[in-house]
Structures are given as C-alpha cells and as structure tokens.
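Here are a few exercises to work through with the model open. Try each one yourself before reading the solution.

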Amino acid sequence: MEIRNNKGFVKWLLIGISVIFLLIMLVLPLVYVIYTALREGWKVFVSSVTDEYAVKSILLTVKVTVITVIINSVFGIFAAWLITRFKFRGKKIISTLIDLPLTISPIIAGLIFVLTFGRQSAIYPFLEKWGIQIIFAVPGIVLATIFVTFPFISREIIPVLTVKGTDEEEAAMGAGGWTIFRKITFPHIKWAFLYGVVLCSARAMGEFGAVSVLSGHLRGITNTMPLYIELLYQAFDFTGAFAMSAILVVMAL
C-alpha cells in the first residue's frame, strides 16, 4: 500500500511540474501574443494582417512552406528507404549528413549559401549568364528553408521502417516496387510521415536565421512572416507585430 501511495504521489508531482512548466513556457506567452494583438481592437488587428505587405509576406511564407514540404517529403521517404533497406559503404556518413542541419546554426547555413551562390562564388558567372538569381531572391529563401528542415521527415520515418523490418515486403516481391510501397510500406509509415510533415511545415514557416541572411529584407518581395514581424517590431508597431505573430502561431498550430 505504501509503494502504491508513493507511486501515486510521484505521478501527480510529475503531472503538476509538467503542467506548471507548460503554462509558464508555452501557454502564457501564447495568450500574451493574442492579447497584445487584439489589445487595440478587432479592426486594428484586421487592418494589420490585411496590409499589402502583410498579405505578401503571408503568401510568400505559404509558398516557401509548400515547396519545402513537397521536396523534403520526396527526399525524406527516399532517404529513409535507402538507409533502412540497403547495405552499402558510407551509410553512416549519409545518416550523419542528414542530421547536420540540426547541429548547424541557421545563420551559418545562410552564409554557406551566400558563399556558394553569391558574387564571390565560382558559379556566379554561370548564374548571371542565365539570369538566375538566388541570393536576395525567393529561390535562395527556398534553398535555405529546405536545408534547415530536411531532416524532419526522414528522421520520423527511419525508426518506423527499422522496427517494421522487411518480412512483408519480401513476401510480396512479385507485386512490383510501387505496389509494395503503396499497399504495404506506406500504410505503416503514414502517421510518422504526417508527423514529419507537420514538424517540417511549422519549422519552415518560422525559419528566421538562414532566411534573414539570404533574403536581403526586400519589403513585399523577400520578406517572409518572421522577417516582416521583426520589421514591424523594430518600427515600434507592436500591435502589428503581435497581430502577425498571432497569425503565424495559428498557422503553425
């Protein structure tokens, strides 16, 4: 009986600590964001989020996020399939490289692309010849966002494929690769894949560091929502900044 009471006490203690931590670190800041956004009234809020530049930043953020998720979904599935279904030299190196964006500062990631595609790059004359602009343009933002988010989907799928094994797939070898993937493999990984997509989407929408380096902060052209929020905040437009923050929070959730 004493052991059970101790377990019950520990359980409720952990629940209480978790709830208090979440309230302080998550709920209260989100509530304050919403409160500040609506502090001057609903009309001011609507006016802030329907401003020409605000709408452009929202559309750009959605565009970049959609492109990023599509590309990372394809890469994530292929990478997970490669790592869990094939044996080859260099597998650990590839697995490590997939995790690399999680350990590199987004600012450094942005600088890497500036060095790769900027004026001092060896390939810049080729890009200029063909009229391809990456730095201070939307393609650069897309590349940076893909770089910082591509581990999310593959890292959710790899453990599931590893645990599932290959028995069912080997038993259906005569059905063809696409049929096996569609009817056997994907049903097992669909929730992990969906979770990876959610994480990738939220991270893509909120990316600031790498995008800030590559965007050039061109208002109405390369300003995503996080960059536009910073612009409003630096201009002391706190209501507008928090209004856009509220929209970004809702989109992420």
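Contact here means heavy atoms within 4.5 Å. This is a predicted model, where local features need pLDDT of at least 70, side-chain atom pairs count only at pLDDT 80 or more, and totals for chains, interfaces and linings use all residues. Residues are numbered from 1 along each chain as its sequence is written, and side-chain values use heavy atoms, leaving out hydrogens and water.

**Exercise 1.** Work out where T222 lies and what T222 touches.

Start with the place: T222 is in the loop between α11 (209-215) and α12 (225-234); helices are DSSP runs of H or I, at least four residues, numbered from the N terminus. Then list the neighbours: leaving aside residues up to four places away in sequence, T222 touches L60, F136, A137, V138, I141, S215, G216, H217 and L227. Finally, look at S215 again: its backbone oxygen lies 2.7 Å from a polar atom of the T222 side chain.

**Exercise 2.** Describe how α3 and α8 pack.

First, the geometry: α3 (residues 52-85) and α8 (residues 151-164) pack at about 30 degrees, with axes 8 Å apart; axes are lines fitted to C-alpha atoms over the stretch in contact, and angles run from 0 to 180 degrees between N-to-C directions. The two helices are therefore roughly parallel, the word for angles under 35 degrees. Last, the residues: W81 and R85 of α3 are among those making the contact, as are I157 and K164 of α8.

Notes: A polar contact is a pair of N or O atoms within 3.5 Å; within protein, one must be able to donate a hydrogen and the other to accept it, and residues adjacent in sequence count only if both atoms are side-chain atoms. Angles under 35 degrees count as roughly parallel, over 145 as roughly antiparallel, 65 to 115 as roughly perpendicular and the rest as oblique.
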